[in-house]
Amino acid sequence: MTTATERGEAGAEKLLTPVLSEFWDKDKSWTIEVYRDHGGYRGSAKALAMAPDDVIAYVKESGLRGRGGAGFPTGMKWQFIPQGDGKPHYLVVNADESEPGTCKDIPLLYANPHSLVEGMIIACHAIRSNHGFIYLRGEVVPVLRRLQAAVAEAYAAGFLGKGALGDGGDLDITVHAGAGAYICGEETALLDSLEGRRGQPRLRPPFPAIAGLYACPTVVNNVESIASVPAIMDRGKEWFREMGSEKSPGFTLYSLSGHVARPGQYEAPLGVTLRQLLDLGGGIRPGHRLKFWTPGGSSTPMFTEEHLDVPLDYEGVGAAGSMLGTKALQVFDETTCVVRAVTRWTEFYAHESCGKCTPCREGTYWLVQLLRDIEAGKGLLGDLDKLADIADNINGKSFCALGDGAASPIFSSLKYFRAEYERHITERACPFDPAKSTVWADDGTTASAHQEVNA
Amino acid sequence: MTEVSLGMPQTPAPPYPDDVRARLEADAAEVIARYPDSRSALLPLLHLVQSEEGHVTRTGMRFCADALGLTTAEVTAVATFYSMYRRKPSGDYQVGVCTNTLCAVMGGDEIFGELQAHLGVGNGETTADGKVTLEHIECNAACDFAPVVMVNWEFFDNQTVESAKQLVDQLRAGAQVTPTRGAPICDFRKTARILAGFPDERPGAVAAGGSAGPASLAGLRLAKGETAPGRVVAPRAGERPAGPDADAQPDGRAPATHPSSHDAPQPSAASDPENPTGPVTKEGE
């Protein structure tokens, strides 16, 4: 049996594979000069020398899968774009990162926006598009500045603009700031929003590959998916496939947050476990232990300590009853009330439900009413079955996955922590002190931070 | 509060004065030119009119409708859908405290509660001096920096109750405030103009905040061997649950002497009365 120490010390250099994050610690990492010093725009040069269909085949063979949550093979998405149809094709990058717990695309775009711009050049060449859009959530102005600057630099360097795609013609990229709506992270709602409408999901089919932006063939990809393409083109699909597993190859950003000693971004091959990441990251904050965690944002069913060794790839997490999602590892320790956590997430879904589909709009509202009562000690035991019943009536019954996401924390928390819900009801109060969960709870100066925590 | 209209038809909103309209029309033309279809410019144009008046007025919506050939009803439907469009006069500084689950648990709830008491305003309300509008916000994609406070959509990471109070005090006093990640705070209207797609012209604005925040570099530093790896913390003696992680704690050592204590969160200003400076905010020139 290896100890945590042995694993941790052996692992740091071997386990982590910084590619996208490789030079985030360099001065002015967001500039085109620093990006090119680290191999930037070599991948796009290689891709532009290839036929578009060959680029699609290459990305498909690399095995790259979507990093936005669903894990759909990126190359296959590109392949769905009909060719020779006489319509304009569009690439739309989903930079609306808003899933609770998810915090990978924003630091990526802040420190290394050119990886996205270069990836878009390759993707536009492949799908024969002359116009790409970056739909960035509006609430991140520092990132918007750097994206605007990066696109301007790429124009100035000739990577964008007139003749940027050679025989493929011009390439324009428009940076578009959203205006505050989680639902716009759903690809068809994003397209409606980008067309200047309320962000409400569309019924599918037709899928965006057939009728997307302005009813034209459109690829919608996550930031990290596109940003991963230049390195694949530059260093080779074989290099990429050496990392991760057969079905989930490559590197990815894992975002560790919450009650951990060292929260942050950890770029590693797909398939690492939370235990390995915690070993590297200094574990749970001192004096506490893991209670529950999400593998990929609040919409992915929660895990407990029994899942510490689940490989964090698409298959591994799926087999364990959740989804890899956005690899947003939100970690909560034993001071956290699971009812409080789920209530707050549910309030989020109710707030962000776009209102189009009745099960989601009404269901999330009623979930919030029940959960607030339970958290406040005013619930009834029968409410727990009612929660599960309402969640069941939302799950899979709306146009998009927001409703499914709202049901996930309900189902999974009832599965693992039903007794804790029951305690709220039978004791007619929440048995937790929220002050003990705060970052400063163990500082020793806050009145509510008892020495008991470290005893 | 939102006015109750009782369903009575309203007279058309007054237009902008000619000089304002001419200036905004030139801006609008630039925005519209970025898109194959003019209606795509609606969200940026709503940011643009918000940069003119600080919130989206009926006049602003009429301007957008005229610029894009839409009805004011179509524009209103969009303006009321998105949470970043302010529909009433609001402060120069939009202060948002993340109270989604993770930030809330890590201290966001306490910060939001204390700020409401400190400022004497509730959610979505503005201080009497017109400086600060306080609201709770949803996840802002900075969970590894929790608890997070946003001011005009710039990041103030790893906040405490004390640092957040100091932050709003400085904003109200007119001091230059610098975020953890982002450019020195400008007023809300200038921020709205950046969101409309007009880059921040201030020298150094893009570079401000450095390449990446400390948490963003956590894994990179480990991979480069710059930080000693830590260990999974041992649960308290006697409380150890049975489970597959049992081998993670080889000696059940007491947490107080745990080897990862060295990189535990450092005491912040909240716990150090000798240090009046917030951990993340500072005054500029």
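**Strands, sheet and interface**

Guide: In this predicted model, six bridges join strand 1 of chain B to strand 3 (residues 132–137) of chain B, and the two run parallel.

Visitor: Which residue of strand 3 of chain B stands opposite Gln94(B)?

Guide: Strand 1 and strand 3 of chain B are joined in parallel by six bridges. Within strand 3 of chain B, the residue opposite Gln94(B) is Thr133(B).

Visitor: What is the bridge partner of Gly96(B) in strand 4 of chain B?

Guide: Strand 1 of chain B is also joined to strand 4 (residues 149–151) of chain B, by three bridges, and these strands run antiparallel. In strand 4 of chain B, Gly96(B) has as its bridge partner Met150(B).

Visitor: Why is strand 1 of chain B largely enclosed by the rest of the structure?

Guide: Tyr93(B), Val95(B) and Val97(B) point one way from strand 1 of chain B, while Gln94(B), Gly96(B) and Cys98(B) point the other way, and all are buried. A residue counts as buried if 20 or more other C-beta atoms lie within 10 Å of its own. Strand 1 (residues 93–98) of chain B is largely enclosed because its buried residues number six of six.

Visitor: How many residues of domain 1 of chain B take part in the contact with domain 2 of chain B?

Guide: The domain assignment places domain 1 of chain B at 18–79 and domain 2 at 93–195. Their centres, taken over C-alpha atoms, are separated by 28 Å. Domain 2 of chain B gives five residues to the contact, and domain 1 of chain B gives four residues.

Visitor: Which element gives the largest share of the side of chain B that touches chain A?

Guide: Between the chains, 90 residues of chain B are in contact with 99 residues of chain A. Elements giving two or more residues to this side of chain B include helix 2 (42–53), helix 7 (188–195) and helix 5 (101–119). The largest share is eight residues, and it comes from helix 5 of chain B.

Visitor: Which are the edge strands of the open sheet in chain A?

Guide: Four strands form this open sheet of chain A in the order 3-2-1-4, with parallel pairing. An edge strand pairs on one side only, and here the edge strands are strand 3 (172–177) and strand 4 (218–222) of chain A.

Visitor: At about what angle does helix 10 of chain A run to strand 4 of chain A?

Guide: Helix 10 (residues 223–235) of chain A lies across strand 1 and strand 4 of chain A. Its angle to strand 4 of chain A is about 90°.

How values were computed. Residues numbered from 1 in each chain as written. Chains lettered and ligands numbered in written order. Predicted model: local features only at pLDDT ≥ 70, side-chain atom pairs only at ≥ 80, totals over all residues. Contact = placed C-beta atoms within 7 Å. Pairing = 2+ DSSP bridges. Axes fitted to C-alpha atoms, helices over the stretch in contact; angles between N-to-C directions. Domains from an automatic or database assignment. Buried ≥ 20, exposed ≤ 12 C-beta atoms within 10 Å, placed from the backbone.
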